[in-house]
Amino acid sequence: MVQLVQIANARCGDKGNKVNIALFAKTPEHYALLEEYVTAEKVVTHFQGLINGNVTRYDVPSVYGLNFVLDEALAGGGSASLRVDNLGKCFASNLLRMTIEDN
């Protein structure tokens, strides 16, 4: 098992009630692991209780990246949410805590 923070970097942002997380592998070999093990379904499970909508994954192999769009993730968005974190900004750090197989 390996924690994503060891093999990837992440950035994210928010708009309305959506979060966008870009996950970038540190090496081509790490990208193969991300591609295989960091599925939209696993991201849904990882963020259980925080998101109420779908997660869509977009592969960006030219930069060894995966981009995730999380719907209904911000309790209504900035003007409606009672969350005191920085809304979507904390989701990248949270995703980097996920563990995956590292064959």
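The largest nonpolar core of this predicted model has 31 residues, and those with the most contacts inside it are Leu4, Ile21, Leu23, Val38, Phe68, Leu70 and Phe91. E2, E3, H1, H2, E5 and H3 each supply at least two residues of this core. Such a core is a set of buried Ala, Val, Leu, Ile, Met, Phe, Trp, Tyr and Cys residues joined through side-chain atoms within 4.5 Å. Buried means under 20% relative accessible area, exposed means over 50%, and partly exposed lies in between (1.4 Å probe, protein chains only). Helices (H or I, at least four residues) and strands (E, at least two) are DSSP runs, numbered from the N terminus.

The model is predicted: local features need pLDDT of at least 70 and side-chain atom pairs count only at pLDDT 80 or more, while totals for chains, interfaces and linings use all residues. Residues are numbered from 1 along each chain as its sequence is written, and side-chain values use heavy atoms, with hydrogens and water left out.

Ile21 touches, among others, Ala10, Cys12, Phe47, Leu66, Phe68, Leu70, Phe91 and Leu95, not counting residues up to four places away in sequence. Contact here means heavy atoms within 4.5 Å.

In helix H1 (residues 28-37), the buried residues are Tyr31, Leu33, Leu34 and Tyr37. They cover an arc of only 160° around the axis, so they lie on the same side of H1. The arc is taken from the directions from the helix axis to the C-beta atoms. An α-helix has 3.6 residues a turn, so residues three or four places apart point the same way. The cover over the buried residues of H1 includes strand E2 (8-15), strand E3 (18-25), helix H2 (40-46), E4, E5 and strand E6 (99-100).

E4 and E5 run antiparallel and are joined by six bridges; strands pair if DSSP finds at least two bridges between them. Tyr58 stands opposite Asn67 in E5. The hairpin of E4 and E5 has four residues between the strands, and Tyr64 takes a positive phi there.

| Residue | Phi | Relative accessibility |
|---|---|---|
| Tyr64 | about 55° | 35%, partly exposed |
| Glu72 | near 50° | 44%, partly exposed |

Tyr64 belongs to the loop between strand E4 (55-60) and strand E5 (65-70), whereas Glu72 is in the loop between E5 and helix H3 (91-95). Asp71 is also placed in the loop between E5 and H3, but Asp71 is buried, at 17% relative accessible area. Contacts of Asp71, not counting residues up to four places away in sequence, are with Asn17, Lys18, Ile51, Asn52, Gly53 and Asn54.
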